[in-house]
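Please brief me on this structure.

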Amino acid sequence: DAFRNGWMMERMMAKFFALSLLALGSACAVLAVQHGDERHARVPGGYFFAFTNGNCTADYATGATSCGDGPRPTIDIVDPRALEVVASVPITEDYGPLVWSDAVYMESCDEAAPQGYVLANERGGRIVIIDAAKAIAGAGTDAVITTLPMGARPVHGYAIPHIDGEGNIGEYWSHSDADGHFDVVKVGQWDDLHRPEVTAHVGIPGHGKLLWDSDLWPYGYATNTKEPFLYEIDLRNYNMTRHIQFTTHGENPDAHCKGTHGIAYSKENKHIFATCSGNTTEGGENGLVEVNPEGDELVLVKKHPEARGGQVYESLDGKWIVDIDKANDEVVFLEANQPGEISSIAHVVAASKDNCALDDQTGCSGMPDKVAFFPLEDGSMNFVFSLTSPNDQTGEDGIGIINSKNLGTQDTLTHVPGGSGSSKYRSIYSGGDHVATIMSYPHEGIMVLNGQDGSLAGTVKTNEATTRVMYVPEQPTGAYCSAD
């Protein structure tokens, strides 16, 4: 009908415009999107913000938060060059119990000069807005601008600062796991949510993530561990447009995906990748589904059963799809190949020697959780993985690292000790000349690495219960404030 023909024409025109930008060699389209602040992270001289919970905890099933006796939550600002906490933002009792989730750095672009902010999810159903310059300058509680209410049990949050060819978007999308929707904040407009309750489920809300990229504009894609769907959302009008439903194991094992979790996009073959969760509860196998978003429908082109991990990312240079398989102590690297082609498993790298972490051997470090990418001047890429071996309380766990030039010849990540986490989750972030990951042993804080070679720069003691780390430039960069 006329409506559908118009809709398809709009999609084709949007895709044509994005491809035209790539053909012109747009410099801003080089970095793949992970958090949405990648351009800021390439600017040296900044600080790592360590988010600590103190003696506050959350019931992850209900989202209820509470605090015991002891230290309150803070944001500790760490200078990675001096290896010390240089300022701190205390979260006073006026804010009640508070437990941190994801945070990103963003800038407003409609003022005389860009202004920098940190937007952070709080498990109790709030988004906390921080003035980055005040936090770095040591303003303490005055750095907290406000909090905004949102849906229950938020975990993941994403910056959509700019779309190449469209200019500044300036939106922060926060996902509510309990309600199965995104709440959207417009940067610089702190009075209320810009758009609440952007639906990201069909029938059952659950834990989910968001994918966006200038290549895919105006559409974003979302996952949900509770449903066998991948959802398409129009980022301009906040409406769900299409979805693909995967099968049960009994219907078709090669298309079985009980729930979707991690999500990534390849700038090389223009496909979307999502990890499957929960398949083993139905007698099936987890895996990585590869979806083509072109055409009238979202189409499953292949399920990769060898890539069984729950996390998937695209490297900053766009050359690799990285699937992290914590349960099997390995990392699977996929080559995306040419536009429209199916990707292929290229390398499988063990996180610990002979996968000894699976045997819970003392002193064996492995079981990767998250990855940070650090590009080098020679065009290669360091992949730095936070490790989460169970029961390591000595600081030996550290990180695992491999350079892209060694893929195919190195079968195990190079281990760098220095700090151990306390759970299966371990945040890691690349920024400036360094990479940082959270740690709990032998002390609470962050472990700082030299990005060039992955060597240990040192560890920094922070307030108790460090749960997230992120990078903030010393001054606003204006990196996403161009009109193009």
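Helices (H or I, at least four residues) and strands (E, at least two) are DSSP runs, numbered from the N terminus. This is a predicted model: local features need pLDDT of at least 70, side-chain atom pairs count only at pLDDT 80 or more, and totals for chains, interfaces and linings use all residues. Residues are numbered from 1 along each chain as its sequence is written, and side-chain values use heavy atoms, with hydrogens and water left out.

**Confidence**

- The pLDDT is the predictor's confidence in each residue, from 0 to 100.
- The chain averages a pLDDT of 91, and 93% of the residues score at least 70.
- Residues 1–29 have a pLDDT below 50. Beyond near neighbours in sequence, this stretch has 34 contacts in the model. Contact means heavy atoms within 4.5 Å.

**Backbone exceptions**

- Most residues other than glycine have a negative phi, and most peptide bonds are trans.
- Met367 is in the loop between strand S25 (344–350) and strand S26 (368–375). Its phi is positive, near 55 degrees, and Met367 is not a glycine.
- Met367 counts as buried because its relative accessibility is 17%. Buried means under 20% relative accessible area, exposed over 50%, and partly exposed in between (1.4 Å probe, protein chains only).
- Tyr238 also has a positive phi, about 70 degrees, without being a glycine. Its loop runs between strand S16 (229–234) and strand S17 (239–245). Tyr238 is at 10% relative accessibility, so it counts as buried.
- Trp217 and Pro218 are joined by a cis peptide bond, with omega about 15 degrees. Pro218 sits in the loop between strand S14 (210–211) and strand S15 (219–222).
- Another cis peptide bond runs from Tyr441 to Pro442, with omega near 0 degrees. Pro442 belongs to the loop between strand S31 (434–439) and strand S32 (445–450).

**Aromatic pairs**

- Rings of Phe, Tyr and Trp (its six-membered ring) pair if their centres lie within 6.5 Å. Planes under 30 degrees apart count as stacked, over 60 as edge-to-face, and the rest as tilted.
- This rule gives nine aromatic pairs.
- Phe51 and Trp100 have ring centres 5.1 Å apart and planes at 75 degrees, so the pair is edge-to-face. The pair links distant parts of the chain, 49 residues apart: Phe51 is in strand S1 (residues 47–52) and Trp100 in strand S6 (residues 100–108). Both Phe51 and Trp100 are buried.
- Phe229 and Tyr231 form a stacked pair, at 5.9 Å centre to centre and 25 degrees between the planes. Phe229 is buried at 8% relative accessible area, and Tyr231 is buried at 0%.
- Trp320, Phe333, Phe373 and Phe383 are linked by ring pairs into a cluster.

- Glu38 lies in helix H2 (residues 38–41).
- Lys and Arg count as positive and Asp and Glu as negative; His and the chain ends are not counted.
- Glu38 is buried but has no salt bridge. A salt bridge is a side-chain nitrogen of Lys or Arg within 4 Å of a carboxyl oxygen of Asp or Glu.
- Leaving out residues up to four places away in sequence, Glu38 touches Leu31, Ala32, Val33, Leu316 and Tyr480.

**An exposed residue: Asp191**

- Asp191 is in the loop between strand S12 (181–186) and strand S13 (195–199). At 80% relative accessibility, Asp191 is exposed.
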